[in-house]
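Visitor: I'd like to learn how to read a few features off a structure. Could you take me through them one at a time?

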Amino acid sequence: MVPTDVDLVESQAFLSPPYPLIQTQMSSEDNLGANEDFAVGAGASLTYPLQCSALRKGGFVVIRGFPCKVVDMSTSKTGKHGHAKVNLTAIDIFTGKKYEEICPSTHNMDVPNVKRSDFSVLDITDDGYLNLLTSDGNTKEDLKIPEDDIGQQIRSMFAEGKDVVVSVLSAMGIEGVVAVKESAGGNK
């Protein structure tokens, strides 16, 4: 006996929800959450895609969500049925942690938009924040002094009364002091 459409519908009755289905029409105001607030930026993306084979030693790449600098890169040959693979070794630009990634050479990887800026140190607060002078004459007070050798160097140079300039890298919404030097102007 071949089941009919009626038999199939009756046998699948348990699949229907226990409540009646209600169809509603959306008004123009309900247009997929058009009244919700969204953060609006300048439109610049935090990363951009780049083919894995186009990455270079000394360049930047995002590995496991962290902006990293490529320190070693090697390409393996294609297998019988596969793609050439790129073996990347990179170091997080803010923490110094080492990451490794293996990616087919034809696939895309994210590359962070990295910006480097120099700021003059005006003061170091008691709670460890730097008071910095930007190039347009405003102050920036949201960077914590690093806990590593760079932080110690900043403190000692500032205590000696030198004009201290710090280099700050910003990538993927994170900022960090990565270098320190004495200003070309000399002492205060």
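Guide: Let's begin with cysteines: a disulfide here is a pair of cysteine sulfur atoms within 2.5 Å. Before we go on, keep in mind that this is a predicted model, where local features need pLDDT of at least 70 and side-chain atom pairs count only at pLDDT 80 or more, while totals for chains, interfaces and linings use all residues. Residues are numbered from 1 along each chain as its sequence is written, and side-chain values use heavy atoms, with hydrogens and water left out.

Visitor: How many disulfides does a search of the whole structure find?

Guide: The general idea is that a disulfide is a covalent bond between the sulfur atoms of two cysteines. In this structure the search comes back with zero disulfides. Take Cys-103: the closest cysteine sulfur belongs to Cys-52, and at 3.2 Å that is too far for a bond.

Visitor: Are Cys-52 and Cys-103 buried or exposed?

Guide: For that we use relative accessible area: buried means under 20%, exposed over 50%, and partly exposed in between, with a 1.4 Å probe and protein chains only. Cys-52 has a value of 0%, so it is buried. Cys-103 is buried too, at 6%.

Visitor: On to charges. How many salt bridges does the search find?

Guide: The general idea first: side chains of opposite charge can pair when their charged atoms come close. The rule applied here is a side-chain nitrogen of Lys or Arg within 4 Å of a carboxyl oxygen of Asp or Glu. Across the whole structure, four salt bridges turn up.

One of them joins Asp-118 and Lys-181, whose closest N and O atoms are 3.5 Å apart. This pair links distant parts of the chain, 63 residues apart: Asp-118 sits in strand β7 (residues 115–124) and Lys-181 in strand β11 (residues 174–187). Strands, by the way, are DSSP runs of E with at least two residues, and helices are runs of H or I with at least four; both are numbered from the N terminus.

Visitor: Which residues are linked in a network of salt bridges?

Guide: Lys-140, Asp-142 and Glu-175 are. Within it, Lys-140 and Asp-142 meet at 3.2 Å, N to O. Lys-140 is buried, with 15% relative accessibility.

Visitor: What about sheets? In what order do the four strands of the open sheet come?

Guide: Two strands pair if DSSP finds at least two bridges between them. Here the order is β2-β3-β4-β5, with antiparallel pairing. Strands β2 (60–63) and β5 (98–104) are at the edges; each has a single partner strand, so one side of each lacks a neighbour in the sheet.

For a close look, take β3 (residues 66–76) and β4 (residues 85–92), which pair in the antiparallel sense over eight bridges. Met-73 has Leu-88, in β4, as its bridge partner.

Visitor: Last one: which residues does Ser-167 touch?

Guide: Contact means heavy atoms within 4.5 Å. Leaving out residues up to four places away in sequence, the contacts of Ser-167 include Arg-116, Asp-118 and Val-178. Ser-167 lies in strand β10 (residues 162–171) and is buried, at 6%.
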